[in-house]
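Hi,

Here is the structure I promised to pass on.

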Amino acid sequence: MAKGIQEAERRVEAARRTGTARLDLSGLELTSLPESLWNLSNLTVLDVSGNQLTSLPEWLGNLKNLTGFDVSFNQLTSLPEWLGNLKN
């Protein structure tokens, strides 16, 4: 599992350096998301599908430019209310 977190951090850092608008963290067996994600303000597409997330951190709501957010195939039983604040 630590390998998944390390790979996620590597991908987040690469996205930060290049300014990419799309980030794929799918299938890494993550149980939580790296907090460094909240720094990616120009992110428009985030794929966290196929992990083991049971909740989504509230700071994800700060990614106001998201137009695509895939959380399928996780262990979420509900979606947080703040998700409605992502207008794009």
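Let me start with helix H1: Ala2, Lys3, Gln6, Arg17 and Thr18 are exposed on one side of H1, where exposed means over 50% relative accessible area, buried under 20%, and partly exposed in between (1.4 Å probe, protein chains only). Before going on, note that this is a predicted model, with local features needing pLDDT of at least 70, side-chain atom pairs counted only at pLDDT 80 or more, and totals for chains, interfaces and linings using all residues. Residues are numbered from 1 along each chain as its sequence is written, and side-chain values use heavy atoms, with hydrogens and water left out.

Back to the helix. The buried residues of H1 are Gly4, Ala8, Val12 and Ala15. They sit on the same side of H1 because they cover an arc of only 70 degrees around the axis, the arc being that of the directions from the helix axis to the C-beta atoms. Their cover includes E1, with contact meaning heavy atoms within 4.5 Å. Helices (H or I, at least four residues) and strands (E, at least two) are DSSP runs, numbered from the N terminus. Just after H1, Gly19 has a positive phi of about 75 degrees.

Now the sheet. It is open and has 3 strands in the order E1-E2-E3, with parallel pairing; two strands pair if DSSP finds at least two bridges between them. At the edges are strand E1 (22-24) and strand E3 (68-70), each pairing on one side only. E1 pairs with strand E2 (residues 45-47) over 3 bridges in the parallel sense, and Leu23 is opposite Leu46 in E2.

Cheers
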